[in-house]
Amino acid sequence: MTYQNYISIDPEIRFGRPCITGTRISVYDVLGWLGLGMSVPDIIDDFPELTEEQIRACLLYAADRERKI
């Protein structure tokens, strides 16, 4: 899986924060929910437009960004 298929950056959406493509849900939002202890099924229950693959793409994006720092 490559996160580039699921994550996009558009200066017109959420001030250019990386978001799940086609939504206004940012990578930061998803990481925050996971950090607060929400499970992937919990997130999908709250946001049924999301898929498990999109949530995993957020983790891959964060890992790649951390690796580059």
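The sulfur of cysteine 58 lies 9.0 Å from the closest cysteine sulfur, that of cysteine 19, which is too far for a bond. A disulfide is a covalent bond between the sulfur atoms of two cysteines; here the term is applied to a pair of cysteine sulfur atoms within 2.5 Å. The structure holds zero disulfides, and cysteine 19 is in none.

This is a predicted model, in which local features need pLDDT of at least 70 and side-chain atom pairs count only at pLDDT 80 or more, while totals for chains, interfaces and linings use all residues. Residues are numbered from 1 along each chain as its sequence is written, and side-chain values use heavy atoms, with hydrogens and water left out.

Burial is stated as relative accessible area: buried means under 20%, exposed over 50%, and partly exposed in between (1.4 Å probe, protein chains only).

| Residue | Relative accessible area | Class |
|---|---|---|
| Cysteine 58 | 0% | buried |
| Cysteine 19 | 3% | buried |
| Threonine 23 | 16% | buried |
| Leucine 60 | 36% | partly exposed |

**Core**

A nonpolar core is a set of buried Ala, Val, Leu, Ile, Met, Phe, Trp, Tyr and Cys residues joined through side-chain atoms within 4.5 Å. The largest one has 13 residues, of which Ile7, Ile20, Ile25, Val30 and Cys58 touch the most other members. Helix 1 and helix 3 each supply at least two residues of this core, and the largest share, four residues, comes from helix 3. Contact means heavy atoms within 4.5 Å. Not counting residues up to four places away in sequence, isoleucine 20 touches Tyr6, Ile7, Ile25, Val30, Leu50, Gln54 and Cys58.

**Helices**

Helices (H or I, at least four residues) and strands (E, at least two) are DSSP runs, numbered from the N terminus. In helix 1 (27-35), the residues Val27, Asp29, Val30 and Trp33 are buried. They cover an arc of only 165° around the axis, so they sit on the same side of helix 1; the arc is that of the directions from the helix axis to the C-beta atoms. Tyr28 and Gly35, on the other side of helix 1, are exposed. The buried residues of helix 1 pack against strand 1 (7-9), strand 2, helix 2 (40-46) and helix 3 (52-68). Glycine 37, which follows helix 1, has a positive phi near 100°.

Helix 3 has 17 residues and reaches 25 Å from its first C-alpha to its last, close to the 24 Å expected at 1.5 Å a residue. That expected span is 1.5 Å times one less than the number of residues. Gln54, Ile55, Ala57, Cys58, Tyr61 and Asp64 are buried in helix 3. Strand 1, strand 2, helix 1 and helix 2 are the elements against which the buried residues of helix 3 pack.

Leucine 60 also lies in helix 3. Leaving aside neighbours within four places in sequence, leucine 60 is in contact with Met1 and Tyr3. Leucine 60 and isoleucine 7 are 53 residues apart in sequence and 10.0 Å apart in space, C-alpha to C-alpha.

**Threonine 23**

Threonine 23 is in the loop between strand 2 (18-20) and helix 1. The threonine 23 side chain reaches the backbone oxygen of isoleucine 20 at 2.8 Å. Apart from neighbours within four places in sequence, threonine 23 is in contact with Ile13 and Leu50.

Notes. Polar contact = N/O pair within 3.5 Å; in protein donor to acceptor, adjacent residues only side chain to side chain.
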